[in-house]
Amino acid sequence: MPQIILDHTLREFYCQDETEDSTIVVVNALPTAETQMTRGIPLSIKYTYQSPNVLTRDPDMLARLYLQVVPQLFGFIAGDMPLILFDLDNAGQAHRDEAYQTYSQLTPGQRPQLSFVAQPSDIQLPAGARIAIANPMDCLLSLPHAVDPNVHYDLLSKKSLAFSTLPSPPSEVVDTVLRPGKDYDEPTLDAEIDRMTKAVTTRACPFVVKMPQSLSGEGVFLIRSDSEKHHAVEVLQHELRRSLAIMRQSKMKTPTSSIILQKLIPGENVALAFFVTRRGRAVFTSCCPQLVDPHGHWEGGYISYKQQEQFQRRYARIIELLGQYMHSKGYYGPAGADVITDHEGVQFVIDLNVRVIGSHPLGFLKNHFSVERGLHEAVLFFPLFLNCKRETFEDLFRRQLYDGALVITGWCHDKEEKTSITSMILAAEDESKLRTFIDEVKVYQVPG
């Protein structure tokens with residue numbers, strides 16, 4: 001099997017602008033909103049999240065998704081720097097072996113220095129080291145961060161984006177009038193939830209509703225009909241009650257419960273991936289149309305390598321603005337933004353993902369796929385649930401693996417070892433051949 005050489009790595013970007021940053025330690029984990037995944041990763045109260053449309057609420061499955069497969073995917077482009085993943089509860093060695101196998105595809109000089117811990121208190125950092133993370137989490141607060149987690153959390157906020165200097169769709173923010181740390185009775189909470197959701201029930205379709213810290217689109221609602229509006233209000237009532245309950249026990253000084261209503265703008269929607277250097281330069285890495293299922297869950301990204309130079313020119317100004325904005329707040333590191341271009345050519349930022357994004361690896365593989373092998377179209381899938389084990393899948397697609405047309409970026413089986421949770425990239429010469437390749441792989445996809 002050929003070893004993969006990435007065009008560049010996060011380590012190389014961290015060292016740009018003559019600011020050697022060899023003390024960064026990547027700690028990859030995605031938080032969950034309501035379900036504690038493992039004993040070592042408690043739910044966050046200060047940095048709370050919303051994901052009412054999450055794929056599953058099973059803690060073991062969530063742990064395999066957000067503590068293994070996503071962190072493997074994000075870590076694939078880290079390069080030669082320390083990368084820490086969190087162990088699963090009572091799962092033995094298999095998840096570790098699968099992560100090491102994923103990174104064994106990379107040329108040795110670009111493999112992350114992988115290690116595992118059960119909980120944040122097990123992390124031992126070298127002197128002067130700081131952690132780079134995907135999302136702020138309460139359990140990591142005792143560790144020194146490369147970026148202030150309060151700043152990072154604010155940059156991830158859809159409410160903050162609505163009030164930012166960035167070009168974003170016209171928005172209405174509905175904040176709670178209740179105060180943190182106060183104990184309110186149920187009738188007061190009911191009245192406040194009714195007041196906040198009234199903005200949704202009385203607004204004419206179409207529009208978009210967002211929770212302020214929703215994960216992977218799991219708290220975003222496209223409202224195009226009364227039935228969609230009714231469903232959104234039902235979900236929002238539960239989520240607002242939960243966020244108000246959290247706020248009631250919070251020590252924060254300002255209210256944290258809100259909803260954002262936004263104009264629905266038709267147009268071309270893409271995910272921009274880039275890196276913000278210590279001096280505020282935004283380095284473009286890719287522009288990818290997104291794959292989203294009928295329920296709004298992110299499923300992956302698509303890239304056409306021959307179009308990337310054109311996209312880089314088209315989105316140069318918006319990426320420059322994004323870099324300046326994040327730099328002004330104190331952020332540096334990998335980042336992404338969802339940008340929509342309306343029918344008049346006006347570009348709007350509709351979401352900020354201030355971390356590695358799922359489609360980031362596509363932009364790091366142009367030489368591997370397009371230049372060296374003539375594979376100009378590629379797609380990244382996550383999560384892709386398969387009904388076979390890794391060794392079976394690799395036997396089935398051994399030719400594509402050896403040809404370099406298939407790259408596995410994350411893998412973990414479920415606890416019964418019947419289903420595999422994966423992330424992978426498929427590439428082909430043109431769109432027609434890529435569709436054929438996709439169909440061949442999806443024969444082994446778990447239905448539903």
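A crossing of two helices is right-handed if the near helix is turned clockwise from the far one by less than a right angle. I wrote that down before anything else, since handedness comes up below. I also noted that this is a predicted model.

**Entry: α2 and α3**

I looked up how α2 (59-75) sits against helix α3, residues 94-103. The axes of α2 and α3 come within 11 Å and cross at roughly 20 degrees. Angles under 35 degrees count as roughly parallel, and α2 and α3 are therefore roughly parallel to each other. As for the hand, α2 passes α3 in a right-handed crossing.

Which residues make the contact? On the α2 side I listed Q68, P71, Q72 and G75, and on the α3 side H95, E98, A99, T102 and Y103.

**Entry: N53**

Next I went to N53, which I found in the loop between β1 (24-27) and α2. Is N53 buried or exposed? Its relative accessibility is 17%, and the cut-off for buried is under 20%, so N53 counts as buried. Leaving out residues up to four places away in sequence, I have N53 touching E218, V220, F221, H231 and H297.

**Entry: E239**

I then checked E239, which has its place in helix α7, residues 226-248. E239 has a relative accessible area of 0%, so I put it down as buried. What does E239 touch, once residues up to four places away in sequence are not counted? I got E34, Q50, P52 and M211. I also took a C-alpha distance from E239 to S168: the two are 71 residues apart along the chain and separated by 24 Å.

**Entry: the whole chain**

Last, I zoomed out. I count 13 helices and 16 strands in the secondary structure of the chain. The radius of gyration is 21 Å, close to the 22 Å that the globule rule gives for 448 residues, so the chain is as compact as a globular protein of that length. Along the principal axes, the C-alpha atoms fill a box of roughly 65 × 50 × 50 Å.

How much of the chain is buried? Buried residues make up 57% of the 448. I also looked at contacts with a separation of 6 or more: residues 24 or more positions apart account for 72% of them.

Technical notes: Residues are numbered from 1 along each chain as its sequence is written. This is a predicted model: local features need pLDDT of at least 70, side-chain atom pairs count only at pLDDT 80 or more; totals for chains, interfaces and linings use all residues. Side-chain values use heavy atoms; hydrogens and water are left out. Helices (H or I, at least four residues) and strands (E, at least two) are DSSP runs, numbered from the N terminus. Buried means under 20% relative accessible area, exposed over 50%, partly exposed in between (1.4 Å probe, protein chains only). Contact means heavy atoms within 4.5 Å. Axes are lines fitted to C-alpha atoms, for helices over the stretch in contact, and angles run from 0 to 180 degrees between N-to-C directions. Angles under 35 degrees count as roughly parallel, over 145 as roughly antiparallel, 65 to 115 as roughly perpendicular and the rest as oblique. The radius of gyration is taken over C-alpha atoms; the globule rule is 2.2 Å times the number of residues to the power 0.38.
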